[in-house]
Structure formats: structure tokens, C-alpha cells
Amino acid sequence: MTTSSVPTAPEGAIARGTVTDRLVEANERYAAAFTDPGMDARPVLRVAIVACMDARLDLHDALGLELGDCHTIRNAGGVVTDDVIRSLTISQRKLGTRSVVLIHHTGCGLEAITEEFRTDLEMEVGQRPAWAVEAFRDVDQDVRQSMQRVRTSPFMLHTDDVRGFVFDVKTGLLREIDPT
């Protein structure tokens, strides 16, 4: 398991600045040693990966990826939404990707909430969100639904290599989901 390289205050000490301040400081150290790798925006492996935003998923390490290998699109649940289709369409049509890998995971927070979350937000802030929560109870079925959304989108050029997986957060292993 990797740990953050962003400096934090020792236990009991008062942190100076915000988390964002610490991230900016870490970037300054990174940039001091940075050299332009000479890459363009086209992924070397011609693959786009859609995954959950969960902080436990280190996709590059888990999949043996290097900088420049793939496009990575992340959101709550790794669900294929209209915005994910937008990103995948640009990835395929303008940047040359041909394969799509979908990765959900065990213990996802979207399994613990419902679409009622939108109503709760409306009650709290006075406006109903235009977006769907995309909560689910069955991670395998949600991966199947996401694969189907990619395969049937009229905007996608390449739908013959769309595969879906569930990442086990306890073992680090991927389990492939049969699309049928």
C-alpha cells in the first residue's frame, strides 16, 4: 500500500496552512526536479480506463501502468454517465484510444446511499441537483450496465474491446465481469 508523500503535521501538532497549501508545496518540490517527458496527449496503450474516485484505488500501480499509458476517467462509483461518454468520445475520436476498461470496486460508497440523496440535498440547499446519484446495490450488475452504456453509445467509435472489472479493496485483485 502506498502512502501520501504530502507532508502532514505530527500527531498533536498544529498544521500550517490548508491541505491545498501542502499540495502546492509538494508540487513545487516535484516541479524542481521535473523534466518534460516529451509525450503528447495520446495514450501509448490506446486505452481509456473509467474507475471510481475512491482513494484506495491506485490504478497505475494496480495495473502496471506508466505515465502516458492511458487516459483515466474517475467519478463516484466509476459509473458511465453522460460526462464519461463525453470524455470517452473525445478520447477515442480525437486522441486515438480503442479499448475501454471499466473498474468498480468492493465496498463502494454508492452501495450505501440511494437516489434519495438528491431529495436530501434539495431539502438542504433549496435546489434539486440535475444529476442522478447513480447509486447501486449490486456492483456486478452496475459494471454490466456501464459496459452496455459504452457499447450502445452512438458516439463511440470502438466498442469491440470494452471490458469491466471489480477491484477487491482487500486483496488488490481484479475480477472480470461477464457482460451477459
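This is a predicted model: local features need pLDDT of at least 70, side-chain atom pairs count only at pLDDT 80 or more; totals for chains, interfaces and linings use all residues.
Colleague: How much space lies in the second largest pocket, and how is its lining divided by class?

Modeller: The residues lining this pocket include Asn-75, Thr-81, Phe-117, Trp-131 and Glu-134. The space in the second largest pocket comes to about 190 Å³. By class, its lining has one charged, two polar and eight nonpolar residues.

Colleague: Which element gives the most residues to the largest nonpolar core?

Modeller: That core has 23 residues, and Leu-88, Val-100, Leu-102 and Val-150 touch the most other members. Two or more residues come from each of strand 1 (47-52), helix 3 (82-95), strand 3 (99-105), helix 5 (139-152) and strand 4 (162-167). The element that gives the most, with four residues, is helix 5.

Colleague: Which residues does Leu-88 contact, leaving aside its neighbours within four places in sequence?

Modeller: Leu-88 is among the residues that touch the most other members of the largest nonpolar core. With those sequence neighbours left aside, its contacts are Ala-48, Val-50, Ile-73, Val-100, Val-150 and Met-156.

Colleague: Is Phe-34 stacked, tilted or edge-to-face in its aromatic pair with Tyr-30?

Modeller: The ring centres of Tyr-30 and Phe-34 are 5.5 Å apart, with 45° between the planes. Planes under 30 degrees apart count as stacked and over 60 as edge-to-face, so the pair falls in the remaining class. The Tyr-30 and Phe-34 pair is therefore tilted.

Definitions and conventions: Residues are numbered from 1 along each chain as its sequence is written. Side-chain values use heavy atoms; hydrogens and water are left out. Rings of Phe, Tyr and Trp (its six-membered ring) pair if their centres lie within 6.5 Å; planes under 30 degrees apart count as stacked, over 60 as edge-to-face and the rest as tilted. A nonpolar core is a set of buried Ala, Val, Leu, Ile, Met, Phe, Trp, Tyr and Cys residues joined through side-chain atoms within 4.5 Å. Buried means under 20% relative accessible area, exposed over 50%, partly exposed in between (1.4 Å probe, protein chains only). Contact means heavy atoms within 4.5 Å. On a 1 Å grid over the protein atoms alone, a cavity is a set of points where a 1.4 Å probe fits but cannot get out, and a pocket is an open set with protein on both sides within 12 Å along at least five of seven lines; lining residues have an atom within 4 Å of a point. Grid points are joined across faces, edges and corners, and a volume is the space filled by probe spheres set on the points. Ala, Val, Leu, Ile, Met, Phe, Trp, Tyr, Cys and Pro count as nonpolar, Asp, Glu, Lys and Arg as charged, and the others, Gly among them, as polar.
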